[in-house]
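Start with a pairing of strands, then follow the headings.

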Amino acid sequence: MSQKIAPTRLSAASPAGPNRPAAARGIGLHRRAGGDVGGPVAFPLIALLSSVGTLAVAAAYAAGRDGWPDLSALYWPGQLLVYVPIALRAYSPRLTRPAEGFALLLLLFVQQTLLFRMYSPLALKYPDELQHWRGTVNVIQSGRLDQANYSLPPAVHYPGLEALGGALSASTGLPPTATAFIVAALLHLLLVCALYVLCLRIRADWRVATLACVIYAANPHFMFFDAMYIYQSLALPFLLLAVWALRLLRLPGRAAGRWVVLLIAIGVVTVSHHITSFVMVALLGSLAASGLGRPRPGRELRPVAAWLVATAAVLAWVLLVARDVVGYLAPVVAQLGDSATGLLHGQLGATAPGRAPLVEPLDERLATIGALGMLAFLVVRGSRDLWPERHAEPWTLPLISGALLIFAAGGLRFVASDGAELSGRSATFIYVPVALVAAIVLHDIRRRGLDHHDTGRRGLALLGGATPVVAAAVILMGGVASGWPPAWDRLPGPYLAAGFERSVDPQGIAAAEWALSALGPGHRWAGDLTAYTLLATIGDQNTVRDDGVLFDGRGADAAASSFVKREDIQFLTVDLRDSMRLPASGGYFPVDPNAGRYRSPLPRTDLTAPDRVAGVSRIYDSGDIYLYDLRGSAYDG
Amino acid sequence: MTVERDPFARPRWLVTVAVAVPLLGVADAVGPQPFAALGFAANLTVLGVAGGRALLGRAGLSAVERATVALALPIAVLVLGTIAAAALRLHLDRPLWAALVALAAEAAAVGVLARRGQPSEPRNRRRWPTARPEAGRGILWGASLTAAGAVLAAAVALSVWTAGRQAYPAFSALSAIRVGSAEPSVRIELTSEEAAPTRFIVAVAVGSARPDSVPLRLAPGVTWRKTVPAPASASVTVVADRGTRSRVPYREVNLTPRGIR
């Protein structure tokens, strides 16, 4: 295997050569008595340690399912045991071979993929995954890409993932759920590889690339959300590959082939995910601007051409195919606008109507702030170190600018309503430059540490040895704590009302399957948050979001009747467990004006109010779940 | 730089691949499983490896970069090819995907074959040194990696086992819907998801008529179905009691008369 990378790196902040073994000078200084962690034997031991961490998390999951509270405490030690040894090895000067560095990344990928899938190893439960499962089933059953997906309407116009999943499922005979497991894992692996090769191509230093990938793996959504079977998981690696292919264009020869790869990557991003395609236009735009900003002899026009192609492709797709995406994203944009307005009026982090504020335990909030602060420090220092290189390397400024967006993401958590979710979502993109800049700085810090290590002051040496452990732990904990799932959802367990994946249970699934088999697809339904997810995905029904007015116990009053007629609602589902438990996520309905303000569960008499409305038929009863037919009733009057 | 021994430079090998690809495509399109899956996977592999080679060569690319392209290309071809086929109003099914992958793989193989006449590409002399155990440490390596694999397998087994036997409350679902317009009737279903075989009594009342009772014994996972004639103008009430005689209704559904409020 060859590892030589063409010399297109940013001129290094470190005087060490790209392939110079950094440990060569310091390895003797760091060798501990009797220890051999620096030798090649370290990798198997790290693999063993991190596997024990995975087993600990599996035990915590099992404890959540079977109600063993003592074992559930193993979750955090397990997470740390998976990540910290790998991170320390990636940072260690004893990491002297690129193969071992990449093997560490593959090890981390395997462990984190297992941590994600072991939450629900036998079925898809995450609502986002169920939405794309529905789209994939539609493709397989209809042989078309334009079947309505009521659970996620824009996905019909960004059908890349469904096309891939449908092709693999139909060609291999695997069921859609197994296909989703495999495709999601492959795409996550591709993300790791794409990030690695991009960092390697930008910095031409495998140690920096390894470290950058390890840091990125601690971003809030990497382990769960970005590993899901969702359309962003397909678009994200191809976004990185587009930038990588653009970087390859600097090499002599084979320009046509590289352009083809670049265009393919742009094409896949364009047809796969809206936000990622917009990020691609912005990113290529910034690279184009930085290339144009150079003096004429060194001016780069290829990024401009790539940006023009990407912009034309995305614009054409949005204007000709995905015209509904503007309406789909408008509420988020409006929410950001409201937050900005609120900020001007001194309202910090006001919660958007219909959404519950995020409640985090204090220790997790501290870890989140600690991780953000640590990365922000590294980004500031890295930006300062990289700043002198801006004339020699045109990508320096976009890299610094992208990394500094960590302040925007951090601010979003506290300023914007629903900021924690928006911040987490944006971290997927922002952490790419953040991780690279942080890795460059850490590589430099480690190198300087080696230069000044033999001072004979054991106390300082011990402190210096503990710092990376604490830093890795805090970065990982902060990332997991601020990502998905939230604290109350972190372990699988018994049913929770309005608890996303924790609400997916056999009774809800049975009701959704019955609705599809008995009534057919596409009927208009109102229900709570869980019904909204299960009926729209497993049941292939057309569900509405802001239907709390039907659950206020007033039956078919004017407001309810007006709502039913306006939304053309035909059926209503009621889950009596909403009268026994508070909503885990803060609100009972997808858009709930009372989110975060419930002090007691919904009254049972309010939930069963349709039984007292003339003309309403109760067509399904499974004990906790009632399905009502409102057609021809007083609601529909 | 050195000129390496390159398997892609051997015409016999390449011709074999170029001939095998359509055959694999046929196996994929019309063959039984698992041959279809194997043909599909083989052609995807050819597409990834040969396509990457045809487009980018290998000079200047690291092993990870080549592997990344080999993984990404088949995904991209499936995504873009499927969307193009859908835009052409083609029916998306296994033969179409088999043809798509076979065509792309064949094009990639031919692309590599076409470049064969050109001088072989130089390859970087530096190899990626792999970590190998020192003498006498092989046993420790093997033991550690085996133990790591065993621990991971235990973690997966624990998760699968506990997820498979996770206890959810048992339930039974009773439903009734009107079906048929020429001969209107009501289709009734009772599905048992109880923990053990359970006796039920299902009472069906159409309009003001005396309820008709049906005793049942359902094993877990079994659905009982019955269709009862019922005019649209008549209300229908179905009650399921658990046990051998009626007590408090266990499940109850009702259909109001159509057109009457």
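## A strand pair across the chains

Strand S4 of chain A covers residues 617–621. S4(A) pairs with S3(B). The two strands run antiparallel and share two bridges. A:Asp621 takes part, with B:Leu174 as its bridge partner in S3(B). This is a predicted model, and every value here is computed from it.

## The contact between chains A and B

Chain A brings 85 residues to the contact and chain B brings 80. On the chain B side, seven elements each supply at least two residues: helices H2 (35–56), H3 (63–87), H4 (94–114) and H5 (138–164), and strands S3 (171–179), S4 (185–193) and S9 (251–255). H5(B) gives the most, with 17 residues.

What is the make-up of the side of chain B that touches chain A? Its residues divide into 45 nonpolar, 20 polar and 15 charged.

## A hairpin in chain B

Chain B also has a strand pair of its own. S5(B), residues 198–206, and S6(B), residues 212–218, run antiparallel. Seven bridges join them. B:Val202 stands opposite B:Val214, which belongs to S6(B). Five residues lie between the strands of this hairpin. B:Gly207 takes a positive phi near 60° there.

## Chain A overall

Chain A has 637 residues, and 56% of them are buried. It holds 22 helices and five strands. Among its contacts with a separation of 6 or more, 73% join residues 24 or more positions apart.

The average pLDDT of chain A is 87, and 87% of the residues score at least 70. Residues 1–38 of chain A have pLDDT below 50, yet the model gives this stretch 81 contacts beyond near neighbours in sequence. Residues 350–354 of chain A also stay under 50. That stretch has 18 contacts beyond four places in sequence.

## Two domains in chain A

The domain assignment of chain A gives domain 1 (119–489) and domain 2 (500–636). Their C-alpha centres lie 36 Å apart. The two domains touch: 19 residues of domain 1 are in contact with 23 residues of domain 2. On the domain 1 side, ten of these residues are nonpolar, five polar and four charged.

H4(A) spans residues 75–91. Why does its span agree with expectation? At 1.5 Å a residue, its 17 residues should span 24 Å, and its end C-alpha atoms are 24 Å apart, so the two agree. H4(A) is mostly covered, with 14 of its 17 residues buried.

H5(A) spans residues 98–117. It has 20 residues and reaches 28 Å from its first C-alpha to its last. That is close to the 28 Å expected at 1.5 Å a residue. H5(A) is mostly covered too, with 14 of its 20 residues buried.

## One residue up close

A:Ala481 lies in H18(A), a helix of residues 458–482. Is A:Ala481 buried or exposed? A:Ala481 counts as buried because it has 23 C-beta neighbours inside 10 Å, and the cut-off is 20 or more.

Which residues does A:Ala481 touch, leaving out those up to four places away in sequence? They are A:Glu360, A:Glu364, A:Ala367 and A:Thr368. A:Pro220 is 261 residues from A:Ala481 along the chain, but their C-alpha atoms are separated by 7.4 Å.

Terms used:
Residues numbered from 1 in each chain as written. Chains lettered and ligands numbered in written order. Predicted model: local features only at pLDDT ≥ 70, side-chain atom pairs only at ≥ 80, totals over all residues. Contact = placed C-beta atoms within 7 Å. Helix = DSSP H or I, 4+ residues; strand = E, 2+ residues; numbered from the N terminus. Nonpolar A, V, L, I, M, F, W, Y, C, P; charged D, E, K, R; others polar. Pairing = 2+ DSSP bridges. Expected span 1.5 Å × (residues − 1). Buried ≥ 20, exposed ≤ 12 C-beta atoms within 10 Å, placed from the backbone. Domains from an automatic or database assignment. pLDDT = per-residue confidence, 0-100.
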